[in-house]
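Hello,

Here is the structure you asked about.

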Amino acid sequence: MNAPLPAEVLKQHVIDPEICIRCNTCEETCPIDAITHDANNYVVDPDICNGCMACVPPCPTGAIDNWRLVARAEAHSVHDQLGWEELPQEQAPPVAAGAEAAVAEPAAPQPAAAAPGAAVPPWSAAHPYVNLYTHKTPMTATVVGNYRVTGTDTDSDIHHIVLDFGELPFPVLEGQSIGILPPGLDAQGRPHHARQYSLASPRDGERAGYNNLSLTVKRVTEDHAGAAAHGVCSNYLCDLVKNDKVQVIGPFGHTFLMPNHPGANLIMICTGTGSAPMRAMTERCRRRIESGENGKLMLFFGARTERELPYFGPLMKLPPDFIDINLALSREAGQPKRYVQDLIRDRAAKVLELLADRNTCIYVCGLKGMETGVLDALRDVTVQSGQDWSILHDALRREGRLHFETY
Ligand code: FAD
């Protein structure tokens, strides 16, 4: 059995800078603000971290799950960690006077009090592979397709990009993401860090049986505040042409995964490029439509106008008895403003019917700001039916049935 550590010895929580993809998930998840970052690294403050493990399950790469035994007085400072290019070597455990230092296991992962979604996948999800290719060992993919999927008369320039992996293994599941390493250097003269993109294709490829996958990438021309900005990676990707080579790392993600058992229902709620994982899951189901394995599919999809909805044309061709599509348009001429949360309330009866079935999983993907609105809408429909939302919300998280991916 592991003995407790002597007070002078710290099992210091550190983040591997070579694996970390700077997605900010850990910093957002930490309930006590122990994680911070600069342009180089994400780091854990040893004076604040209490080893609660809330940040560990949500990390898509596992970079967060690193620990170093150090003498407490010699803990790696935040300043030192911000300068790391790689983790320091493991040292022999410091031995405290009169005691033999033993390795204590970190606490069991605790969901952060504020985490809206589950830290575990649905029980029947397939096993995901992660980190097969890293910053140090990226793989090279070839662009085999790149075209715009939003109206050319709109400001929203979203591309469908297909990458082929040739003979190299790149096993993925719907809901996972990959990292793209854009060429060139950042303002500090370092190689750009990877940007994450959700898969838009199912596990068996954009074209079934081919070793390829697709992404849905929005060209970033403004920052979140609306000021002009030139997004490094999104512009690089949207400008790629057929046969260009791209450096890829990943795959990432081990919780935002679809259930695999027959009869599982999906409620998918998304805006903009948040449609990527929903397209992947929907296409997975569409390809096995004849098998009779599919449960019910319900989609809430928000955009400003129809012309800004990626994949609008193919989506509307799907049979209504296969997927229940609800489009929320916030700036369509001559129509009242509608957001996904409005439609969830409008469709309360169907949403409640699905929520009552433990075979139902809910996926939310898109803009960060949609989390609160969606949770409020789910709470409202539940409360109006006389149920206790906090009990249902806890069950959905515990059972891996409610998943968020917002950025
Ligand atoms: P940067 O050069 O990093 O940033 C330029 C400026 O734009 C900065 O001021 C930055 O704050 C701001 N900015 C960054 N991102 C956005 C944004 N999305 N909207 C407006 N302003 C922004 N993006 C997709 O297009 N499709 C996806 O499927 C997708 N999946 C993601 C999945 C995960 C898990 C995460 C964490 C992110 C995902 N993203 C996706 C976002 C993507 O990783 C990049 O952040 C985005 O493409 C911007 O990168 P950039 O290099 O172009 O911009």
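The side chain of Arg195 places an N or O atom 2.9 Å from an oxygen atom of the ligand. Please keep in mind that this is a predicted model.

A polar backbone atom of Thr216 is 2.7 Å from a nitrogen atom of the ligand, and a polar backbone atom of Cys233 is 2.8 Å from a ligand oxygen. On its own the ligand has 910 Å² of accessible area, and the protein covers 77% of that.

Which elements give two or more residues to the shell around the ligand? They are strand β8 (195-198), strand β9 (212-218) and helix α3 (232-238). The largest contribution is from β8, which gives 4 residues. In total, 19 residues surround the ligand, and Gln196, Tyr197, Thr216, Cys233 and Ser234 are the closest. By residue class the shell holds 7 nonpolar, 7 polar and 5 charged residues.

Next, the helix pair. Helix α7 covers residues 348-355 and helix α8 covers residues 370-384; the two pack with their axes 10 Å apart, at an angle of about 85°. Angles of 65 to 115 degrees count as roughly perpendicular, and α7 and α8 are therefore roughly perpendicular to each other. On the α7 side the contact is made by Ala348, Val351, Leu352 and Leu355, and these meet Leu378, Val381 and Thr382 of α8. The residues of this contact comprise 6 nonpolar and 1 polar, with no charged residue.

- Pro251 is part of strand β10, which spans residues 245-252.
- Asn24: phi is near 80°, which is a positive value in a residue other than glycine. Asn24 sits in the loop that runs between β1 (9-14) and α1 (25-29).

Regards

Note on methods
Residues numbered from 1 in each chain as written. Predicted model: local features only at pLDDT ≥ 70, side-chain atom pairs only at ≥ 80, totals over all residues. Heavy atoms only, no water. Near = heavy atom within 4 Å. Polar contact = N/O pair within 3.5 Å; in protein donor to acceptor, adjacent residues only side chain to side chain. Areas by Shrake-Rupley, 256 points an atom, 1.4 Å probe, with all protein chains shown as cover. Nonpolar A, V, L, I, M, F, W, Y, C, P; charged D, E, K, R; others polar. Axes fitted to C-alpha atoms, helices over the stretch in contact; angles between N-to-C directions. Parallel < 35°, antiparallel > 145°, perpendicular 65-115°, else oblique. Contact = heavy atoms within 4.5 Å.
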